[in-house]
Amino acid sequence: MVNEPGKTPDTMDKKGITRRKFILGTILVAIAGALGSLFSLLKVLAPSKKGSGYVSTISPGDVLVYATGSKIGMEIKASSMNAGDAELVYPKGKSSNPANLVQVIKLSEQDFKAPTNVQLTDKGFVAYSAICTHLGCTVSWVKNQNSPDASYTECFCHNSIFNPSRGDLVEGGPAPIPLAQIGVRVNNDDTLSFTSDFTGPIGPQV
Amino acid sequence: MFKWFDERLELKKFKEKFLSKTFPTHPTFLIGEIALFSFITLVVTGIFLGLLYEPSTKMVSLFGAMVPAAYASVVRIDLLPMGMLIRRIHHWSAMIMIAAILAHLMRVYFTSAYRNPREINWFVGLGLFGISLFAAFTGYLLPYSNFSVTATSIGYYIAKSVPWIGNWISTLLFAGDFPSNATVPRFFFLHVMFIPFLLVSLIVLHMVILVKQKHTEPAVNRTKKESQNGKRLIGIPIWPEQAIISIAFYFFLLFVIVLIATYIPLNPIESYGPPAAGTPVMRPDWYFLIVYGFLKLIPGDLSFSIFGGKITPETIGGVIFPTFLILVFALIPLLDRAKQPQHYISNPLHRPFMTALGITGGVFLTMLIVSGYIDVLKIAPKTMILYVVLATAAAGAVSYSLLRVYNRNKNGGKNV
């Protein structure tokens, strides 16, 4: 190649593969290759373990034990609860799975209205999942001292309100669906046990 | 000794070239420094906390109770002489840093300092704001109290609610499902290494661009220059004037933060306790109240599918809404353009539309913060939505008409 004044060898011939284009191409291919090879790292950083969401391991016959408070882990006695009371409970021996957290509520028997499944209640005891269907906080019990049957369940994270006498229907706030009901029974020895699985989906509905 | 260094580093040349750079003066130009200085305090206190913290959820014995190691290590930090104070200074500095970033952003917006040629630094600043929020969020989890786990869990489900790629994003960010043992180590690394690295890089970029482009000047400098036929920036040099102001200002800020941290408790993990079945009554720190309030207002039955991606109320409140806010902020310098480079800050009173827009946005976001308290105020979500809309519309209409009237009177009836 002959160097003409004002022109470098690269710019002399615009057609075909010039040295500049070749070097640029090589750099781009190298960058793309290097970045592409790093993509596999993303897979490693995000474990593909399925089973996301809440999967309960409660089976019928499991005895209810306290999940909070000073009596944590002890069997709950039916006679210790009056109308308008509620407790957070776990099935005995299965407290490591947060999906098993349940709120058991004592109301007056005549209070239950549709869509509560009355077959799954016993002597005024009704149980629902305690994991808010909005974003997974544990729901709390707001007791009405004057009229116990007007007490309700509320999630204090974003103030979703559930009506326990009407199948925990959402009565306010952002929760998309009711808390699922689960069957509960009073045993002869005054303990409580589960009689069914959850009637619907539990945990955040995202 | 100075001579020894000067011979090797050419300090005198450095002083002439860099330390003599001029900074225009205006009280509001110090707001950005509050953010920077809070960050320095965060780094220093963070190093102290990081040396004593244990990023693990392994169960250990603390005063006879079995608690996660992370929680136990933070309780031990609290029991050290000054330990709790350092932790509170760290947390309060974070609150003040984000407040200062927002105030700085407002100052730049209302004085229109984001216009040509400073658009790039506006974007860098927005990046700093977003990453600071991310730093705060990853910090929530580290003490592994009941509050930490609940707050992080909410963030986890919001990440999961991203349409199409939510599961992948949440597992990548939280190292699998939450709660799991892998999340704390990952958040620890993000919080103490990765995010500070990003922040420092962007802060340096922010500063380099600032020095290269020079700071905007108060409008009075224009008339001053015309009378003096001068072209150079009017202000004070970095060394010694600006540096002395900054040093004094830093220690004053530190004094205020320590004072607040001494008397106002923050995140008392001992009262929340380790993770347990019950959820404490809690609210996030103030800057997340905007999203928190928005989440409370959206009706729960507002969900639908689009191209196989599920849009839930959480997607709208936690993903789409914040993304929309960031986009709006990013669009400002692209829509309000100036052909010629602007080097003087403008008086917000002379820009009715932009100022009214800023006030409207501010009122809207403030009303969302108020929405975070509807349970305390005993307002139904639907009523609150009405209040938010009314207040926002009223703020826009009132501020815009008042500014128009002000400008009309000032210009002798001429429309501007």
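Helices α5(B) and α6(B) run roughly antiparallel to each other, since angles over 145 degrees count that way. This is a predicted model, where local features need pLDDT of at least 70 and side-chain atom pairs count only at pLDDT 80 or more, while totals for chains, interfaces and linings use all residues. Residues are numbered from 1 along each chain as its sequence is written, chains are lettered from A in the order in which they are written, and side-chain values use heavy atoms, without hydrogens and water.

Back to that helix pair. The axes of α5 (residues 83–110) and α6 (residues 119–141) of chain B come within 10 Å and cross at roughly 160°. Helices here are DSSP runs (H or I, at least four residues), and strands are E runs of at least two, numbered from the N terminus. The axes are lines fitted to C-alpha atoms over the stretch in contact, with angles from 0 to 180 degrees between N-to-C directions.

Who touches whom? On the α5(B) side, the contact (heavy atoms within 4.5 Å) includes B:Met97, B:Ile98 and B:Tyr109, and on the α6(B) side B:Trp122, B:Phe129 and B:Ser132 are among the partners. The contact residues split into 13 nonpolar, one polar and no charged. Nonpolar covers Ala, Val, Leu, Ile, Met, Phe, Trp, Tyr, Cys and Pro; charged covers Asp, Glu, Lys and Arg; the others, Gly among them, are polar.

A cavity is a set of points on a 1 Å grid over the protein atoms alone where a 1.4 Å probe fits but cannot get out; a pocket is an open set with protein on both sides within 12 Å along at least five of seven lines, and lining residues have an atom within 4 Å of a point. The largest cavity holds about 30 Å³, and its lining includes A:Cys132, A:His134 and A:Cys155. The second largest pocket has about 1200 Å³ of space. Its lining counts 46 residues, with B:Gly32, B:His104, B:His206, B:Met207 and B:Leu210 nearest the centre. Helix α9(B) gives the largest share, eight residues.

Finally, some backbone details. Most residues other than glycine have a negative phi, and most peptide bonds are trans. The bond from A:Ala114 to A:Pro115 is cis, with omega near 0°, and A:Pro115 sits in the loop between β3 and β4 of chain A. Another cis bond joins B:Trp239 and B:Pro240. A:Asp168 has a positive phi, near 55°.

Conventions:
Angles under 35 degrees count as roughly parallel, over 145 as roughly antiparallel, 65 to 115 as roughly perpendicular and the rest as oblique. Grid points are joined across faces, edges and corners, and a volume is the space filled by probe spheres set on the points.
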